[in-house]
Amino acid sequence: MAIAIYDASAPKRPFNLSLNVDLVAQARELTSNLSAQVESLLADFVAQRKGVLEQNKRELEQAAGGWNTFVREHGSFADEFSTL
């Protein structure tokens, strides 16, 4: 079962988008509900991007944790140049 990334019961309203006319015409020939198809593709895009951002956050937190461990064990490179 997929995890919902947005409130599917939220109200719908029209949005203006600039899309290639030929592409939209071809898409309409392939689906009876273009809005639902675009919403599904947009939800997939949002889920994918959120996943990438979350992975980046975890990697940065891991790198910061590693750096903090290094500084605790060995001190900072700047310590030998400090004028304080």
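**View 1. Trp-67 in a predicted model.** Trp-67 is partly exposed, at 43% relative accessible area. Buried means under 20%, exposed over 50%, and partly exposed in between (1.4 Å probe, protein chains only). This is a predicted model: local features need pLDDT of at least 70, side-chain atom pairs count only at pLDDT 80 or more, and totals for chains, interfaces and linings use all residues. Residues are numbered from 1 along each chain as its sequence is written, and side-chain values use heavy atoms, without hydrogens or water.

**View 2. The aromatic cluster of Trp-67, Phe-70 and Phe-77.** The structure holds 3 aromatic pairs. Rings of Phe, Tyr and Trp (its six-membered ring) pair if their centres lie within 6.5 Å; planes under 30 degrees apart count as stacked, over 60 as edge-to-face and the rest as tilted. The Trp-67 and Phe-77 rings are tilted, with centres 5.9 Å apart and planes at 45 degrees. This pair links distant parts of the chain: Trp-67 sits in helix H2 (residues 34–74), Phe-77 in the segment after H2, 10 residues apart. Phe-70 and Phe-77 also form a tilted pair, 5.8 Å centre to centre, with 45 degrees between the planes. Phe-77 is exposed, at 54% relative accessibility. Phe-70 is partly exposed, at 29%.

**View 3. Helix H1 and its N-terminal cap.** Helices (H or I, at least four residues) are DSSP runs, numbered from the N terminus. H1 covers residues 21–30; of its 10 residues, the number buried is 1, so H1 lies largely in the open. Asn-20 caps the N-terminal end: a side-chain oxygen lies 2.9 Å from the backbone nitrogen of Asp-22.

Terms used
Helix = DSSP H or I, 4+ residues; strand = E, 2+ residues; numbered from the N terminus. Polar contact = N/O pair within 3.5 Å; in protein donor to acceptor, adjacent residues only side chain to side chain.
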